[in-house]
Every structure is written in structure tokens, then in C-alpha cells.
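Good morning, colleagues. Please keep the display in view as I speak.

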Amino acid sequence: MPVTVWKALPTVLTAEEILDKGFSRGSAAGAHVIDGNRMFRNRKQMSRMVQASSEVIDSTLRNYVSKWPSLDQQSEFDVALIDAAVGVDDYRHSLGTLQWAAGQVMRIAEQNRKKLRRMVHIDTMHRTRREAYGRISSIVNQVAPQLDWLNNARDTLKVLPSIDSSEPCIVVAGAPNVGKSALIAALSPSEPVVAAYPFTTRQLHVGHFDHRRRRYQLVDTPGLLDRPLEDRNPIEMQAIAALEHIGSIVLFLLDPTEHGGTAMVAQENLLEEVAEMLPQTPLMVIDAKSDLFEQPPDAEGRNPLTGHRSISSTEGFGIEDLREELVSRIAVDEHTDPLTLPEGWHRADQ
Ligand SMILES: Nc1nc2c(ncn2[C@@H]2O[C@H](COP(=O)(O)OP(=O)(O)OP(=O)(O)O)[C@@H](O)[C@H]2O)c(=O)[nH]1
Ligand SMILES: [Mg+2]
């Protein structure tokens, strides 16, 4: 599954800009025709004008269709994001319409070429060329709303997180303010990327670290896995379900200090709900903000009151141990799937 690099989506020209681009190329092509015979010269000119402009318009439109990620090749998570952000039906329809318009423009050029071939009157040739231009303009103007839609969609999509579904992904969940973003920053050697979920106005952080030539991605879930299930819209449910396909593990943060403002009871309820929402994904629960604990973590870095692994992102306590545990849990989980076992290996339980 390819990584969708939303930032790389090309800008989409307006209908008017596409026509300008096409027709100015047409004029240039017409101006280059040299032929001593006036009738032949005009015929070639008219033919080249339509041919050159339609080729430019066709390739511009088709380029959009090919540069925009095809929904069939997206991870379910990306499709859920696209749907929430701009709507997959409009997405599909807009690209399909451009594809149609490109075909129509080439068809007009072909008809024009055939008509001109039989013509002997210079006036008629010019009229035929004007007609072809008129029909091309009308096709491109017809798809103006789709071009505008795509250009706006690009602005929305380019801030979405890019996640490689072929690499492990750690989904960081927990109530607001428990320290999810701080932990992603503490685990990531370089500054996490700031992205947007279409479900929330809050910023989301995507970080990563490399371990033994694999890239472990860390994604934040503000607005998604930080509040109770009630009053969730279908699109949010779809995105949550899709997390199951990219998440190798859910790392659930509890803030036992309650400094984040959510009582432990509510945090534990949320934990239960998250476990139910993502039944297939392994879940690891840790206690955050250990620097504020009344009783310090034990020798193994666990909260003596809960037995959970504890960390402090701001002080750097327990971060490397957590990283190790994440890496080994993800490896164990992958190896229980017989299909991913290296050749010659056997499942431990067989
Ligand atoms: N003392 C202490 N404070 C922390 C720790 N981790 C995070 N914080 C503080 O807790 C607050 C919330 O941290 P964030 O990382 O933004 O929490 P979040 O879960 O991403 O919050 P939302 O994205 O709003 O849901 C900030 O003021 C952090 O400085 C920690 O380990 N110790
Ligand atoms: Mg955050």
C-alpha cells in the first residue's frame, strides 16, 4: 500500500486557466506552420491549433486524474480520512468527470481533423476551427465546478497525516491532556509532524522512530479516541474502525495525577470503550506524568499503585523501556500470524 503524500498533490487550475493554457499553445502551434500553398497552409494551421490545444488540455486533465490517489489503492484509514474530510463520493465523481472531459476534448479534436481534411474553402476551415474551440471551451467550462472542488479539497487533504500502512503504527490514545502529544515527541528523535484530523479542530502529531531498519510510526488521536462513544457521528466511527487496519498496537495513556482534568473513573471508562472499539488491536496501558506521582515508580518503572508501566515525557523517565516493550510486543504480535513468520520458523503454539 503506497504512502499517500497529501502535500504532493498538484494544484488544480481553473477552467479558464486550462483553456488559456491550451489555446495559447494552439496559437503558437498554428503560427509555426510554413507552406507556400495558401489553402494547405490554412488547413494545417487550423488543424494544428485544435490538435495542440486539445493535447495540452487532455494531458492537464489526465495528469490530475493520475496524480490524485486512486481510492482503490488507499488504506481503509486513508479512505476514512478522505471521506470525513471531503467525501469519497465527490472525490470519485470529480476525478471521473475530468477523465470524461479529457476524452471529450480529444474526440472533438479528432472530428475537427476529419472535417478539415475534406475542406477547400479557407473561410470554412476557420469556422470549423472556431467551432472546435467553442466546443472544447464548453466541455472544460462544464467541469469548472469539479476543478474548483478538487482545488479546495487539495487544501483540506494536504494537512492530513501521511501514514505508511506497511510499517508498524502505534496509536496513542487517552483522555484530553493526559500527555499523548508529549509522549509522541519524547519517543520521536525528530520533531513530530503536525497534521489535522477532519474530526477535530485540535492539532494532531505524527512522530516516528527507527529501530532495526523498521520505522515505527506514532499517531495521536485527539478528537477520536479521547472521549466517550456517545454522540459520535458515522464518519468518526468509520475512522475509528479504520484505525484497526493501521494500528499495530494501541498505547493507552492514563493520567493518575488527574492533572489533565479528567477523573480516573472517566479515564477508565474511556479505556474500556477504546478496547471495545478496537477489539483486534493489542492494547497496552501505561501511566503518564510519573514525575508528579505521590509514590515514585518501583525499580521496574511501574506505578506501585496500579502495576502499570509508568513514564514521564517531560522528565524522560521510562521512555527507553517503553520503546523496547513496544518494539517487542509488536514483533510478538506479528509472529503469531503464521503467514508473516520467516521461512523455517514455527509457531510456538504448534
Ligand atoms: N509533569 C508532567 N506534565 C506533563 C507530562 N506530559 C505532558 N504533560 C503536560 O500535560 C499537558 C498536556 O500534554 P499534551 O501532551 O498536550 O496532552 P495531550 O494528551 O496530547 O492533550 P490533547 O491533545 O489536548 O488531548 C501539557 O501541559 C504538558 O506539558 C509529564 O510527563 N509530566
Ligand atoms: Mg495532543
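This is a predicted model: local features need pLDDT of at least 70, side-chain atom pairs count only at pLDDT 80 or more; totals for chains, interfaces and linings use all residues.

**Domains, sheet and helix packing**

In strand E3, His 205 is the bridge partner of Val 194.

Ala 195 is placed opposite Leu 204 of E3. Together E2 and E3 make a hairpin, with six residues between them.

On its other pairing, E3 is joined to E4 by six bridges, and these two strands run antiparallel. Here Phe 209 stands opposite Tyr 216 of E4. E3 and E4 also form a hairpin, with two residues between the strands, and in that hairpin Arg 212 adopts a positive phi near 45°.

Let me now widen the view. What is the order of the strands in the open sheet? Seven strands form it, in the order E2-E3-E4-E1-E5-E6-E7, and the pairing is mixed. The edges are E2 and strand E7, residues 309-310, each of which pairs on one side only. Helix H7, residues 180-187, packs on the sheet, where it touches E1 (169-173), E3, E4 (214-220) and E5; the direction of H7 makes about 30° with that of E3.

The parallel sense is seen in E5, residues 249-254, and E6, residues 283-287, which pair over five bridges. Within that pairing, Val 250 faces its opposite residue, Leu 283 of E6.

I turn next to the domains. The domain assignment of the protein gives domain 1 as residues 6-157 and domain 2 as residues 169-340. Their C-alpha centres lie 47 Å apart. How many residues of each domain are in contact with the other? Eight residues of domain 1 are in contact with nine of domain 2. On the domain 1 side, the touching residues comprise five nonpolar, one polar and two charged.

Two helix pairs remain. Helix H3, residues 76-85, and helix H8, residues 234-246, have axes that come within 7 Å and cross at roughly 160°. H3 is therefore roughly antiparallel to H8. Their crossing is left-handed. From H3, the contact involves Glu 76, Phe 77, Ala 80, Leu 81, Asp 83 and Ala 84; from H8, it involves Ile 235, Gln 238, Ala 239, Ala 242, Leu 243, His 245 and Ile 246. By class, that contact has nine nonpolar, two polar and two charged residues.

The second pair is helix H4, residues 88-117, with helix H5, residues 122-142. These pack at an angle of about 175°, and their axes are 10 Å apart. The residues of the contact divide into ten nonpolar, three polar and two charged.

That concludes my presentation, and I welcome your questions.

Notes:
Residues are numbered from 1 along each chain as its sequence is written. Chains are lettered from A and ligands numbered from 1 in the order in which they are written. Axes are lines fitted to C-alpha atoms, for helices over the stretch in contact, and angles run from 0 to 180 degrees between N-to-C directions. Helices (H or I, at least four residues) and strands (E, at least two) are DSSP runs, numbered from the N terminus. Ala, Val, Leu, Ile, Met, Phe, Trp, Tyr, Cys and Pro count as nonpolar, Asp, Glu, Lys and Arg as charged, and the others, Gly among them, as polar. Two strands pair if DSSP finds at least two bridges between them. Two residues are in contact if their C-beta atoms, placed from the backbone, lie within 7 Å. Angles under 35 degrees count as roughly parallel, over 145 as roughly antiparallel, 65 to 115 as roughly perpendicular and the rest as oblique. A crossing is left-handed if the near helix is turned anticlockwise from the far one by less than a right angle, and right-handed if clockwise. Domain bounds come from an automatic or database domain assignment.
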